[in-house]
Amino acid sequence: MHFSIIINEIAGGGNAKVAWQKVKARLDQLKINYTFQITKAADHATYLGRKLADRFAGSSDEIVLVIGGDGTLHQVLNGLMKSEANRKHPLPIAYIACGTGNDFARGYGINLDPLAALDQILAAKQATLISIGHYFEAIKNEEGFFFNNIGIGFDASIVSRTNNSKQKKKLNHFHLGHLSYLANAIGALYNQEPFELMVENQHHRDFYRKSYIVIVSNHPFIGGGFKIAPDTSLYDPNLELVVAERKNWVLTLIQLWRFARGKLAHSRFAHRYHAKQLRYSTTSLEFGQMDGEEMGNRFVDLTFDTIAYPIWEVPLTKKEN
Ligand SMILES: Nc1ncnc2c1ncn2[C@@H]1O[C@H](COP(=O)(O)OP(=O)(O)OP(=O)(O)O)[C@@H](O)[C@H]1O
């Protein structure tokens with residue numbers, strides 16, 4: 001078995017660099033066969049993923065190991081999936097989570113200690129098939145894949161603020177990335193105007209005039225551990241869409257309180273869709289995020305479904321997680 005490793009050393013405010021030193025020492029000690037590349041710029045991981053797929057897709061003894069945060073994982077996946085060969089015979093991905101939010105690690109069951117995560121990878125005898133999100137955006141004619149979630153509006157505005165805040169680095173140092181998310185949520189509230197949304201689910205259309213939380217999830221967690229979609233999992237081929245409308249401050253505060261406690265989806269203050277295929281569109285420019293990566297300010301007409309993807313890592317049991 002050979003591991004092609006992609007490392008984003010700046011993930012988690014530098015956590016990934018420290019993790020990589022430990023992992024490298026262990027790999028050398030165990031005489032594991034590997035090569036590695038360190039990302040040199042934003043989005044470089046997409047390019048590296050594409051190159052690996054071009055070279056190795058279809059090979060049965062090649063694993064792509066990602067060391068970084070959810071954003072790096074997202075980029076590597078999308079780089080790999082740019083290759084037709086990888087779509088037919090996907091290279092398994094292994095992951096050591098060293099980011100700020102680490103939502104995929106929570107959703108899958110990956111120890112946040114890098115050496116313990118490496119043990120989970122080395123213990124795997126076969127790949128575990130999970131469900132990942134696939135989207136097509138009709139206005140810009142773009143498609144891609146996501147492990148965690150895609151959000152527009154409020155959530156994306158938080159991501160943009162969190163990614164650009166100095167506070168993130170500080171809180172990250174104390175492993176409190178989710179607090180940074182929460183702090184920026186308050187700031188985002190002041191700037192986020194509600195917007196019109198059309199949701200299509202099995203030929204039925206719903207219209208929301210004042211939506212502000214619109215999140216499609218592939219597993220329960222967002223923003224460093226908030227449970228936005230408690231009823232879906234990486235083994236469920238369905239996605240979960242949660243829409244919340246902004247009507248007045250009292251309702252907004254109740255919604256956010258429920259969001260923070262992981263209880264928004266099941267409350268009467270939100271609308272929830274659980275389906276294998278979904279579509280939604282906006283009529284105004286809105287910020288978007290995918291797996292914590294910014295999509296920019298744009299109109300969207302998004303169609304979603306899921307596909308299976310192999311992960312080379314023994315998941316933690318519910319008790320261990
Ligand atoms: N050498 C580099 N210089 C600048 N940016 C980089 C470099 N390598 C990667 N990046 C960027 O770093 C960003 C953050 O990476 P990532 O999302 O993995 O970490 P994080 O934000 O700390 O974690 P999480 O997404 O789990 O909260 C990505 O958008 C990626 O494009």
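Which residues is Lys276 in contact with, leaving aside its neighbours within four places in sequence? I looked this up first. Lys276 is in contact with Pro237, Asn238, Asp305 and Thr306. I count two residues as in contact if their C-beta atoms, placed from the backbone, lie within 7 Å.

**Ground rules**

I am working on a predicted model, where local features need pLDDT of at least 70, side-chain atom pairs count only at pLDDT 80 or more, and totals for chains, interfaces and linings use all residues. Residues are numbered from 1 along each chain as its sequence is written.

**Entry: Lys276**

I found Lys276 in the loop between strand S13 (271-275) and strand S14 (278-282). Helices (H or I, at least four residues) and strands (E, at least two) are DSSP runs, numbered from the N terminus. Lys276 counts as partly exposed because it has 13 C-beta neighbours inside 10 Å. The scale I use: a residue is buried if 20 or more other C-beta atoms lie within 10 Å of its own, exposed if 12 or fewer, and partly exposed in between, with C-beta atoms placed from the backbone. I also checked Lys276 against Ile110, 166 residues apart along the chain. Their C-alpha atoms are separated by 25 Å.

**Entry: the domains**

I read the domain assignment of the protein chain next. It gives domain 1 (2-123) and domain 2 (135-308). Such bounds come from an automatic or database domain assignment. The C-alpha centres of domain 1 and domain 2 lie 25 Å apart. The contact takes 17 residues from domain 1 and 22 residues from domain 2. On the side of domain 1 that touches domain 2, H3 and helix H5 (103-108) each supply at least two residues. H3 gives the largest share of that side, six residues. By class, that side of domain 1 has five nonpolar, nine polar and three charged residues. For these classes, Ala, Val, Leu, Ile, Met, Phe, Trp, Tyr, Cys and Pro count as nonpolar, Asp, Glu, Lys and Arg as charged, and the others, Gly among them, as polar.

I also looked at the UniProt record. Its unreviewed entry carries the annotation "domain: DAGKc" for residues 1-138. UniProt positions are given in the numbering used here, feature names are shortened, and annotations may be inferred rather than shown by experiment. The span 1-138 is 43% helix and 25% strand. Its end C-alpha atoms lie 40 Å apart.

Why is H3 largely enclosed by the rest of the structure? I checked burial. Eleven of the eleven residues of H3 are buried, so the helix is largely enclosed. Among them are Asp70, His74, Gln75 and Asn78.

Then I went to the ligand. It is surrounded by 21 residues, and the closest are Gly69, Gly71, Thr72, Gly99 and Thr100. A residue is near a molecule or strand if its C-beta atom, placed from the backbone, lies within 6 Å of it. Helix H3 (residues 70-80) provides the largest share of this shell, three residues. I sorted the shell into four nonpolar, 13 polar and four charged residues.

**Entry: the core**

Which residues touch the most other members of the largest nonpolar core? I noted Val64, Ile67 and Val242, in a core of 83 residues. This core draws at least three residues from each of domain 1 and domain 2. By nonpolar core I mean a set of buried Ala, Val, Leu, Ile, Met, Phe, Trp, Tyr and Cys residues joined through C-beta atoms within 7 Å.

Leaving aside neighbours within four places in sequence, its contacts include Ile213, Ile228, Leu264 and Arg272.

Ser4 touches Thr35, Leu52, Phe56, Glu62 and Val64, not counting residues up to four places away in sequence. Ser4 is in strand S1 (residues 2-7). It counts as buried because it has 21 C-beta neighbours inside 10 Å.

**Entry: two positive phi values**

Asn102 has phi near 50°, a positive value in a residue other than glycine. I placed Asn102 in the loop between strand S4 (93-97) and H5. With 25 C-beta neighbours inside 10 Å, Asn102 counts as buried.

Gln202 has a positive phi of about 50° and is not a glycine. I found Gln202 in the loop between strand S8 (195-201) and strand S9 (204-217). Is Gln202 buried or exposed? Gln202 counts as exposed, because it has 9 C-beta neighbours inside 10 Å.
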